[in-house]
Each structure stands twice: as structure tokens, then as C-alpha cells.
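Visitor: I've got a model open and would like a quick tour. Can you walk me through it?

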Amino acid sequence: MICREAEAGLALGSVTVVRSAGASGEGVPASDPLRVGAVSLVPDVGEPFDPGASPEVPVLVTVYPGSAIVPVELTVAFRRDGREIARAAPELAAADSEGRIAWIGSLPAGRLAPGTYEVVATAKQGEATAEETARFEIAPGARAAEV
């Protein structure tokens, strides 16, 4: 499932590792969870990233605030073997007309050793917390120095 509807409070859509992005074509509704502004995203479907072909590992996190008044704090952590290797705590924009906040960030693939990684997104709004995870793989044979 790419997106989970917000119920009566803070919620996160599924963390999506992005394979590619391009201009949204006509007919792509603004409510499409893989559309951010005028850009449509293609999710990763489990193929390992090759740092030579994909210099970045982009990630989409969609936040559904429970309130328009209380700010949302988002933390996105990248882990390998249970060890955190990078963390972002971005400032979030206001919710769009669909009531969601989309954040796109990336990690340089060329700095990652081959193996499996986990992305953990945690949103906090007041006392509410929501967390989602996703995994991706850097291709074997990739020559990189892990962060």
C-alpha cells in the first residue's frame, strides 16, 4: 500500500523509496499519493540501487497532520544493521489542498556499502506519534565508502 488515509489524528503514508521522477501527465489527479506538485514519482519495486546509475536514493514521506494548528515534527533516519548512519529533521511545509505534507529527501548512494538499509520516518504532533519504515538495497559489487 502506498498511502494510508489519515483517520482522526496524525498519520504517515507508507515511506516510499523512489526509483525515478518525472512531470505529471494530464489526468494524474492531485490526490495521487505519488504526485508531489507537478511531479509524479515511480516507487522502487525491490531492485537494488546501483550507485553508478542512481547517485541518490530518494525517499518520499507523506504526513497527514491531525491538526492544522499544532506543528508536525518529522525525523527520517537511515539505518544499516540496526545502526543509524544518517538522520534528517526537516522543516515541513504547510499541508496541501489534499491535507497532506509531502517531504522528499535523499541519501547519496555512492557513499553506501552494498547491503540492505532501512528508512525510519517518525512524525510527532503534540502527544501523537506515527512511525513507518521501508527498506532498500545497494547492489553487490558497488564500490563505495559507507557513511
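Visitor: Which residue in S9 does Thr-75 stand opposite?

Guide: Thr-75 faces Thr-122 there. This is a predicted model, where local features need pLDDT of at least 70, side-chain atom pairs count only at pLDDT 80 or more, and totals for chains, interfaces and linings use all residues. Residues are numbered from 1 along each chain as its sequence is written, and side-chain values use heavy atoms, with hydrogens and water left out.

Visitor: Which strand is Thr-75 in?

Guide: Thr-75 belongs to strand S6, residues 73-80. Strands here are DSSP runs of E with at least two residues, helices are runs of H or I with at least four, and both are numbered from the N terminus.

Visitor: How do S6 and S9 pair, and over how many bridges?

Guide: They run antiparallel, with seven bridges. Two strands count as paired if DSSP finds at least two bridges between them.

Visitor: What else does Thr-75 touch?

Guide: Not counting residues up to four places away in sequence, Thr-75 touches Arg-87, Ala-88, Val-120, Ala-121 and Thr-122. A contact means heavy atoms within 4.5 Å. As for Glu-91, 16 residues from Thr-75 along the chain, the two C-alpha atoms are 9.6 Å apart.

Visitor: Why is Thr-75 classed as partly exposed?

Guide: Because its relative accessible area is 22%. Buried means under 20%, exposed over 50%, and partly exposed in between, using a 1.4 Å probe and protein chains only.

Visitor: And why call S9 largely enclosed?

Guide: Nine of the eleven residues in S9 (115-125) are buried, so the rest of the structure largely encloses this strand.

Visitor: Which strand forms a hairpin with S9?

Guide: S10 does, with two residues between the strands, and Gly-126 in the turn has a positive phi of about 60 degrees. S9 and S10 (128-138) pair in the antiparallel sense over eleven bridges.

Visitor: Where does Asp-81 lie?

Guide: Asp-81 sits in the loop between S6 and S7 (83-88). Its phi is near 55 degrees, a positive value in a residue other than glycine.

Visitor: Is Asp-81 buried or exposed?

Guide: Asp-81 counts as exposed, at 73% relative accessibility.

Visitor: Switching topic: what about Ser-40, buried or exposed?

Guide: Ser-40 counts as buried because its relative accessibility is 19%. Ser-40 lies in strand S4, residues 39-43. Leaving aside neighbours within four places in sequence, its contacts include Ser-20, Val-28, Leu-34 and Arg-35. Gly-25 is 15 residues from Ser-40 along the chain, with 8.1 Å between their C-alpha atoms.

Visitor: How many helices and strands does the chain have?

Guide: Zero helices and ten strands. Of the 147 residues in the chain, 39% are buried. Looking at contacts with a separation of 6 or more, 68% join residues 24 or more positions apart.

Visitor: Which residues lie nearest the centre of the largest pocket?

Guide: Pro-65, Ala-93, Ala-94, Ala-95 and Ile-101, out of 14 lining residues. On a 1 Å grid over the protein atoms alone, a pocket is an open set of points where a 1.4 Å probe fits, with protein on both sides within 12 Å along at least five of seven lines; lining residues have an atom within 4 Å of a point.
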